[in-house]
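These are my notebook entries on a single structure. I list what I looked up, entry by entry, with the criteria applied.

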Amino acid sequence: MQEKIKIFSSNRGHLSRFVWDIMLLVGFLLLGSLSANAVQREMFFDTYTQADGLPNNHVQYIFQDRHGWMWVGTSQGVSRYDGYEFTNFLSSLNDSTSLKGSLIRIIFEDRKGNLYFGTENGALNRFNRDTETFEKPYDTHPYFSGEVSVNDICEDNDGNLWVATHNDILIIEPSGIIKKLTDLNNDQSNNGWANYVRELSFDNTGRLWAGTNSGLYIIDPITKEVESFGLPFSVDMTDEIWEVFSDRDGFIWVGTYLNGLYLIDPVTLKTKKVELEPAVDRSETVRAVSMDSFGQFWIGTRGGLYLYKKELGVVGFYRSDERSNGSLVNNSILDIYHDNNGETWIGTRGGLNLLGKSKQVFRNFSAEPSNNRYLNSSIVYAFWEDDDGKLWVGTEDGGVNIYNPKTG
């Protein structure tokens, strides 16, 4: 079942050449005056919700396939976005070719170009691009019988798919043979391993890291041996792992449900607690870590979004602000994705945010006379930058406002 919903995409709108030039001039004046950290603290997010065509506001997963389509997995189906409209693919009990399972946990494309959707209680769906329908290639296999939840998928160098499910890891060979990790592992001493497996990530050495409801594990993909990796949790903390991310330098980032974020050197296995400041309510729950093309890390928590650099620590922090239509739509971050154009997509519990590069030279300074972080008049006629980098703004009825980019 699919439906198309056309929307107006704000980042595709057309402005007159004159207005566009004026906005660019203002934007570049502001950008040239700001320090690096200040630029990172001021960002404008587009927002898409059910009102714009999404099937649900809980955006669980975001992915761009090899054809450039953006896929947005929600709690009630998946949307394909082409920059102008959403095409929704929903689950329907009366249609065997529709999506099985509504809540999208993972969207994955293998080296052959097969596009898979793992769902909660709906196992594995494979998308047929020719018919725009969903196939269930493994539904008849005993390992996929019943209400199986597929939470994550990784592919190794041999083309094997490692599939994280609600009670184990399944290995799908290129020939179609399916094996269960616990059946292959002769060492059954890892109590609690056959548990809810949420996250999978290969490191640079080829080892597979698995985040589960009972802690973190390292798997040798050749011998199938499983080793528990202890994190320095407090005694009263849950062992739930909600994110495992391997960065370009080979380091492993581990987000937890109640104990924050950890950084692991896969060579020495030394572990470091990543301090996120400001430590706001629910920021100890880390659900998403992503690295952009500049080497900056985007960290999504239940309390907001952090921008982090290894050498500096936190360099930006973003939260929802009802006063600003350019802020995050919700503080609870579920997923972060950087597309081929370098733009950043953020899935939240309140909808989808897009951080478009072309928009980041603009920040809206509205009028609020009692607050010196805003203008005292909304009608602006003239700009001048002084030798100290301050921007002088001439208004109609508020005189001259002088903007200090260092303090905001």
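**Entry 1: salt bridges**

I looked up the salt bridges and counted 13, where a salt bridge is a side-chain nitrogen of Lys or Arg within 4 Å of a carboxyl oxygen of Asp or Glu. I note that this is a predicted model, in which local features need pLDDT of at least 70 and side-chain atom pairs count only at pLDDT 80 or more, while totals for chains, interfaces and linings use all residues. Residues are numbered from 1 along each chain as its sequence is written, and side-chain values use heavy atoms, with hydrogens and water left out.

I examined Asp139 and found a salt bridge to Lys100, with the closest N and O atoms 3.0 Å apart. Asp139 lies in the loop between β10 (133-135) and β11 (150-155) and Lys100 in the loop between β6 (85-89) and β7 (104-109), so this pair ties together parts that are 39 residues apart in sequence. Strands, like helices, are DSSP runs numbered from the N terminus (strands: E, at least two residues; helices: H or I, at least four). For exposure I used these classes: buried is under 20% relative accessible area, exposed is over 50%, and partly exposed is in between (1.4 Å probe, protein chains only). Asp139 is partly exposed at 25%, and Lys100 is partly exposed at 32%.

I then turned to Glu120, which forms a salt bridge with Arg105; the closest N and O atoms are 2.6 Å apart. Glu120 sits in the loop between β8 and β9 and Arg105 in strand β7, 15 residues apart, and the pair links distant parts of the chain. Glu120 has 28% relative accessibility and counts as partly exposed; Arg105, with 23%, is partly exposed.

A further salt bridge joins the side chains of Arg126 and Glu135 at 3.2 Å, N to O. Arg126 is partly exposed with a relative accessible area of 23%, and Glu135 is partly exposed with 30%. I also recorded a network of salt bridges that links Asp65, Arg66, Glu109 and Arg129.

**Entry 2: aromatic pairs**

I applied the ring criterion next: rings of Phe, Tyr and Trp (its six-membered ring) pair if their centres lie within 6.5 Å, and planes under 30 degrees apart count as stacked, over 60 as edge-to-face and the rest as tilted. The count by this rule is 23 aromatic pairs. For Phe117 and Phe127 the ring centres are 6.4 Å apart and the planes stand at 75°, so the pair is edge-to-face. Phe117 belongs to strand β8 (residues 115-119) and Phe127 to strand β9 (residues 123-128), so the pair ties together parts that are 10 residues apart in sequence. Phe117 and Phe127 are both buried. I found one aromatic cluster formed by Trp71, Phe89, Phe117, Phe127 and Phe134.

I also checked Trp209 and Phe229: the ring centres are 5.4 Å apart with planes at 65°, so this pair is edge-to-face as well. Trp209 lies in strand β16 (residues 208-212) and Phe229 in strand β18 (residues 226-229), 20 residues apart, and the pair links distant parts of the chain. Trp209 is buried at 0% relative accessible area, and Phe229 is buried at 11%.

How many residues of strand β25 (residues 304-309) are buried? I found six of its six to be so.

Strands pair if DSSP finds at least two bridges between them. Strand β24 (residues 297-301) pairs with β25 in the antiparallel sense over five bridges, and a hairpin of two residues joins β24 to β25. Ile299 has Tyr306 as its bridge partner in β25. On to strand β26 (residues 313-318): β25 pairs with β26 in the antiparallel sense over five bridges, and a hairpin joins them through three residues. Leu305 stands opposite Tyr318 in β26.

**Entry 3: sheet β30-β31-β32**

Finally, I looked up an open sheet of three strands in the order β30-β31-β32, with antiparallel pairing. Its edge strands, β30 (380-385) and β32 (400-403), each pair on one side only. β30 and strand β31 (residues 391-395) pair over five bridges, and Val380 has Thr395 in β31 as its bridge partner.
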